[in-house]
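Here is a short tour of one protein chain. Keep the sequence and the 3D view side by side as you read.

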Amino acid sequence: MSSLISYLKQVKDWRDSSGQRHPLWWILLIVILGLMVGCLSYRDLSAFANNHHDYLLRLAKNPQLKVPSYSTIRRIMMGIENDNLIPIFNQWATQLSSKEENPDWIAIDGKSIKSTLTDYYGNKQNFASIVSWFSQENGLVLALEKLENKKTSEINCVREMVDNTPLLNQVLTLDAVHCQKETIKTINRSRNDYVIAVKKNQPKLYNSLEEIAHNQISYQEDIRTETSHGRQVTRTVSIFRIPETLQEVWVNSQCFIKVERKGPRKNKPYHQIVYYLSSCYQTAQDFSQKIQGHWTIENQLHWVKDVIFKEDISPQRAKIPAVNFSILKTICLNIFRLLGFLSITEGRRWLGQRLWLLPILIE
């Protein structure tokens, strides 16, 4: 496995070589380390670099390097092209994926960066988003891509990622917006499987699945009662076979899953039914666990970026630096997860007393 520094050295440097005082990889490394200990602004990152000057030079194994100023860090983060940094991240992150025989279940979802929102009340509203591939197995982000809502859609972005991400024999889990015939064809072509939510944006498919579930007996079922946030919910997961008429339209679909949730909510009865289309067979227990696990992308990635890394209220409002910071924050998150920390806050406390370990982490 190649080191993080070796990948940072591949990021294209657009600066005139005659005026360079700091290697680009060196500045990016300082930003990543600063973000890991909670320094989120340019000035805080500069203060981090000055306070740990001697240590950082030992880390770089080059006493000739200088610590960059606040303005240098700002200029770098504003100048790096997102389209250059993202492929470098993806190359580094995909090598972190599990090589075990059992497939990883990868949740795919987009998150807007609200600090980049422009024309809030107008019809030219625009903002940047990051679409992430999140491993349910280990909490790592294995790939990401940016999009602007005025230029493309999450649907097209996900298709391009499926075509370009070199992960094979995984199970991709997606929400209902991606229940599209072309998306399913793209996933089939990539030699991965899928589990995709089906809602009434596909009325013919939804109605067909609803009719089958109503008139046929499932071939496998899992029922469990759980207590969460003070609520008791009974989840029934039932698996049905797909008829050939639907397989011809929704290519390579093998079965569909009915997930029924019942229980009180705010002192009122709660009842929800959601269907999922799948290209692979699993036990009802596995489907139950993995479908529920899809939403860990919300609280283990999106929530962490918003609350711990303050992404949505970041002072970086221009799209290029905001996206660059989002990418580097994802690197930080992956490093903490490789260390075994589900909680980034706990990881920061641990790391604050062990900065000497960082050379091991980035190798």
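Which residues does Trp-133 touch, not counting those up to four places away in sequence? The model is predicted, and in it Trp-133 touches Ile-106, Ala-107, Ile-108, Leu-140, Val-141, Leu-142, Ala-143, Met-161, Val-162, Thr-165, Leu-167 and Leu-172.

## Domains and cores

The chain is divided into domain 1 (4-84 + 317-361) and domain 2 (196-282). Their centres, taken over C-alpha atoms, are separated by 45 Å.

The largest nonpolar core has 98 residues. Those with the most contacts inside this core include Trp-133, Ile-32, Leu-56 and Phe-256. Helix α2 (residues 24-36) gives the largest share, twelve residues. Domain 1 and domain 2 each supply at least three residues to this core. Another core lies apart from it and has 16 residues, among them Ala-197, Ile-239, Tyr-276 and Cys-280.

## Strands side by side

Now look at the strands. Strand β1 (residues 105-118) is joined to strand β4 (residues 171-174) by three bridges, and the two run parallel. Trp-105 has Val-171 in β4 as its bridge partner. β1 also pairs with β2, this time in the antiparallel sense, over nine bridges. There, Ile-108 has Trp-133 in β2 as its bridge partner. Ile-108 is also one of the residues that Trp-133 touches.

Strand β8 (residues 255-265) has two pairings. Eight bridges join β8 to strand β7 (residues 231-241), and these run antiparallel. Val-237 stands opposite Val-259 in β8. Strand β9 (residues 268-278) pairs with β8 in the antiparallel sense over eleven bridges. Here the partner of Cys-255 is Ser-278 in β9. The hairpin of β8 and β9 has two residues between the strands, and Lys-266 takes a positive phi near 55 degrees in it.

Why is β8 described as largely enclosed by the rest of the structure? Because eight of its eleven residues are buried.

## Aromatic pairs

A search of the whole structure finds ten aromatic pairs. One is formed by Trp-105 and Phe-287. The rings are edge-to-face, 6.3 Å centre to centre, with 85 degrees between the planes. Trp-105 lies in strand β1 and Phe-287 in helix α11 (residues 284-293), so the pair ties together parts that are 182 residues apart in sequence. Both residues are buried.

Tyr-219 and Tyr-281 form another edge-to-face pair, at 6.5 Å centre to centre and 65 degrees between the planes. Tyr-219 lies in the loop between α9 (203-215) and β6 (220-228), and Tyr-281 in the loop between β9 and α11, so this pair ties together parts that are 62 residues apart in sequence.

Tyr-206, Phe-240, Phe-256 and Tyr-275 form one aromatic cluster. Phe-256 is also among the core residues with the most contacts.

## A glutamine in a loop

Gln-136 is found in the loop between β2 (126-135) and β3 (141-148). Is Gln-136 buried or exposed? Its relative accessible area is 18%, so Gln-136 counts as buried. A polar atom of the Gln-136 side chain lies 3.1 Å from the backbone oxygen of Lys-290. Leaving aside neighbours within four places in sequence, the contacts of Gln-136 include Trp-105, Thr-173, Lys-290 and His-294.

Arg-191 is not a glycine, yet it has a positive phi. Asn-252 also has a positive phi and is a residue other than glycine.

Notes:
Residues are numbered from 1 along each chain as its sequence is written. This is a predicted model: local features need pLDDT of at least 70, side-chain atom pairs count only at pLDDT 80 or more; totals for chains, interfaces and linings use all residues. Side-chain values use heavy atoms; hydrogens and water are left out. Helices (H or I, at least four residues) and strands (E, at least two) are DSSP runs, numbered from the N terminus. Buried means under 20% relative accessible area, exposed over 50%, partly exposed in between (1.4 Å probe, protein chains only). A polar contact is a pair of N or O atoms within 3.5 Å; within protein, one must be able to donate a hydrogen and the other to accept it, and residues adjacent in sequence count only if both atoms are side-chain atoms. Contact means heavy atoms within 4.5 Å. Domain bounds come from an automatic or database domain assignment. Two strands pair if DSSP finds at least two bridges between them. A nonpolar core is a set of buried Ala, Val, Leu, Ile, Met, Phe, Trp, Tyr and Cys residues joined through side-chain atoms within 4.5 Å. Rings of Phe, Tyr and Trp (its six-membered ring) pair if their centres lie within 6.5 Å; planes under 30 degrees apart count as stacked, over 60 as edge-to-face and the rest as tilted.
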